[in-house]
Amino acid sequence: MSTQHEVVLIKGDGIGPEVIGAAQRLIEATGVRIAWIERQAGLEHFEKHGEVLPESTLDALRQHTVAFKGPTATPIGKGHRSVNVQIRQKLNLFAAVRPVRSIAGIPTRYENVEVVIVRENTEGLYSGIEHEVVPGVVESLKIVTEAGSTRIAEFAFKYAETRGRKRVTVFHKANIMKMSDGLFLDCARRVAKQHPSIEYNELIIDNGCMQVVRDPSRFDILLLENLYGDIMSDLCAALVGGLGVVPGANFGDRLAVFESVHGSAPDIAGKGLANPLAAIMSGVMMLNHLNETPAADRIKRAYNAMLAEGKPEERTRDIGGTAGTAQFTDALIKRL
Ligand code: NAI
């Protein structure tokens with residue numbers, strides 16, 4: 001009998017329980033044995049119990065080292081700090097990896113997108129250090145360290161080498177933020193010199209956005225500081241069919257949390273309409289991380305074949321179909 005893995009499960013807010021439940025069903029249908037250790041985090045937990053990120057959730061993550069997480073909601077302009085940012089900072093999950101790939105059968109302007117976003121996850125403007133200097137004037141600190149910038153650059157280049165990728169491109173704004181983005185660039189350049197087999201280049205981010213939208217096939221791995229990585233993830237998602245089809249993972253030295261790029265989608269939450277594919281794909285990344293490659297490949301083959309056939313009843317509305325979350329998941333399980 002195969003090994004039983006222990007994975008911390010955080011269902012999250014909004015569409016979180018719907019898409020995470022769908023991905024769990026698929027993973028279980030492959031026969032991989034996972035003991036799900038359910039822990040709480042997010043806005044709904046806060047409303048019931050007065051805390052957004054219990055220490056017991058962080059402890060479980062430290063102990064079991066792998067987690068599968070749904071999106072968690074963060075109030076805008078007030079209220080608690082983002083649970084995601086807290087988890088990433090507290091557990092040093094410094095690298096977000098988001099593979100953005102064209103999928104046959106999902107019509108978009110491009111058919112050849114193969115970009116991987118590597119986002120620094122713990123620093124930059126997400127330090128959460130903001131204060132009012134005098135009434136009407138606020139200050140928000142962008143923290144960039146040599147250690148953090150070097151660490152994420154090394155991650156990106158090693159990822160490129162192990163995955164047979166060819167090029168790392170940094171998007172930056174060091175013409176304006178000469179010291180902070182300048183330091184990020186210096187570190188990336190230094191690390192690039194140690195990896196001569198990988199091509200390295202840089203673009204100012206505003207130009208970078210235009211170039212990505214004009215011809216995404218030029219790009220391979222995008223190495224980005226925190227805020228730029230966040231924004232570029234959604235921009236790139238739109239090139240391949242939207243947030244419903246882009247998975248993600250957050251890696252530290254020892255820990256890994258797998259979660260889609262999308263948020264809690266309050267506009268469709270509870271309606272059974274959410275596309276669970278991003279969560280399922282994040283589950284595939286997790287299975288690979290757990291060395292369950294055959295199961296990961298089975299799921300991947302199943303959704304690739306199903307989407308390529310293009311039946312409206314086998315795809316959710318966000319990608320032009322008529323299926324709800326459950327119908328899509330049932331159809332996919334049949335394909336396994
Ligand atoms: P969002 O990603 O939740 O939604 C943006 C748009 O994409 C909405 O129209 C939504 O319906 C659609 N969408 C997203 N995922 C989808 C799916 N799986 N299937 C079909 N349609 C989908 O972004 P928004 O509205 O900016 O944020 C909502 C909440 O989510 C906020 O509280 C935000 O802080 C949180 N959030 C959490 C993240 C996480 O936990 N990793 C990431 C991004 C946002």
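This is a predicted model: local features need pLDDT of at least 70, side-chain atom pairs count only at pLDDT 80 or more; totals for chains, interfaces and linings use all residues.
How far from an oxygen atom of the ligand does a polar side-chain atom of Lys69 lie? The distance is 3.4 Å.

1. One belongs to Gly263 and is 2.7 Å from an oxygen atom of the ligand. The other belongs to Asn275 and is 2.9 Å from a nitrogen atom of the ligand. On its own the ligand has 810 Å² of accessible area, and the protein covers 69% of that area.

2. Ligand shell. The ligand is surrounded by 21 residues. The closest of them are Thr72, Asn84, Gly263, Ala265 and Asp267. By type, the shell is made up of 9 nonpolar, 8 polar and 4 charged residues.

3. Ala35 is found in strand S2, which spans residues 33–38. Its relative accessible area is 24%, so it counts as partly exposed; the cut-off for buried is under 20%. Which residues does Ala35 touch, once neighbours within four places in sequence are left aside? They are Gln4, His5, Glu6 and Val7. For Val7 the separation along the chain is 28 residues, while the C-alpha atoms of Ala35 and Val7 are separated by 6.3 Å.

4. Pro54. This proline sits in the loop that runs from helix H2 (43–49) to helix H3 (55–64). With a relative accessible area of 6%, Pro54 is buried. Not counting residues up to four places away in sequence, it touches Gln40, Ala41 and His45. Ala41 is 13 residues from Pro54 in sequence, and the two C-alpha atoms are 6.8 Å apart in space.

5. Thr65. The loop between H3 and strand S3 (66–69) holds Thr65. Thr65 is not a glycine, yet it has a positive phi of about 70 degrees. Compare this backbone angle with that of Asn291 in point 9, where the value is about 60 degrees.

6. Helix H5. This helix covers residues 146–162, which makes 17 residues. From its first C-alpha to its last it reaches 24 Å, close to the 24 Å expected at 1.5 Å a residue. Its buried residues are Gly148, Ser149, Thr150, Ile152, Ala153, Phe155, Ala156, Phe157, Tyr159 and Ala160. Just after H5 comes Gly164, with a positive phi of about 65 degrees.

7. Ser149. A polar atom of its side chain lies 2.8 Å from the backbone oxygen of Thr145. Apart from neighbours within four places in sequence, Ser149 is in contact with Glu123, Val144, Phe184 and Cys187.

8. Lys173. The loop between strand S8 (167–172) and helix H6 (180–193) contains Lys173. Lys173 is a charged residue, and it is buried, with a relative accessible area of 18%. That value falls under the 20% cut-off, so the label is buried and not partly exposed. Setting aside residues up to four places away in sequence, Lys173 touches Asp181, Ile204, Ile205, Asp206 and Tyr228.

9. H9 has 13 residues and reaches 18 Å from first C-alpha to last, close to the 18 Å expected at 1.5 Å a residue. It is mostly covered, since 11 of its 13 residues are buried. Among these are Leu277, Ile280, Met281, Val284 and Leu287, and also Ser282 and Gly283. Just after H9, Asn291 takes a positive phi of about 60 degrees, although it is not a glycine. The loop that holds Asn291 lies between helix H9 (277–289) and helix H10 (293–309). Asn291 counts as exposed because its relative accessibility is 66%, and the limit for exposed is over 50%.

Key:
Residues are numbered from 1 along each chain as its sequence is written. Side-chain values use heavy atoms; hydrogens and water are left out. Helices (H or I, at least four residues) and strands (E, at least two) are DSSP runs, numbered from the N terminus. The expected span of a helix is 1.5 Å times one less than its number of residues. Buried means under 20% relative accessible area, exposed over 50%, partly exposed in between (1.4 Å probe, protein chains only). A polar contact is a pair of N or O atoms within 3.5 Å; within protein, one must be able to donate a hydrogen and the other to accept it, and residues adjacent in sequence count only if both atoms are side-chain atoms. Contact means heavy atoms within 4.5 Å. A residue is near a molecule or strand if one of its heavy atoms lies within 4 Å of it. Accessible areas come from the Shrake-Rupley method with a 1.4 Å probe; for residues, only the protein chains shown count as cover.
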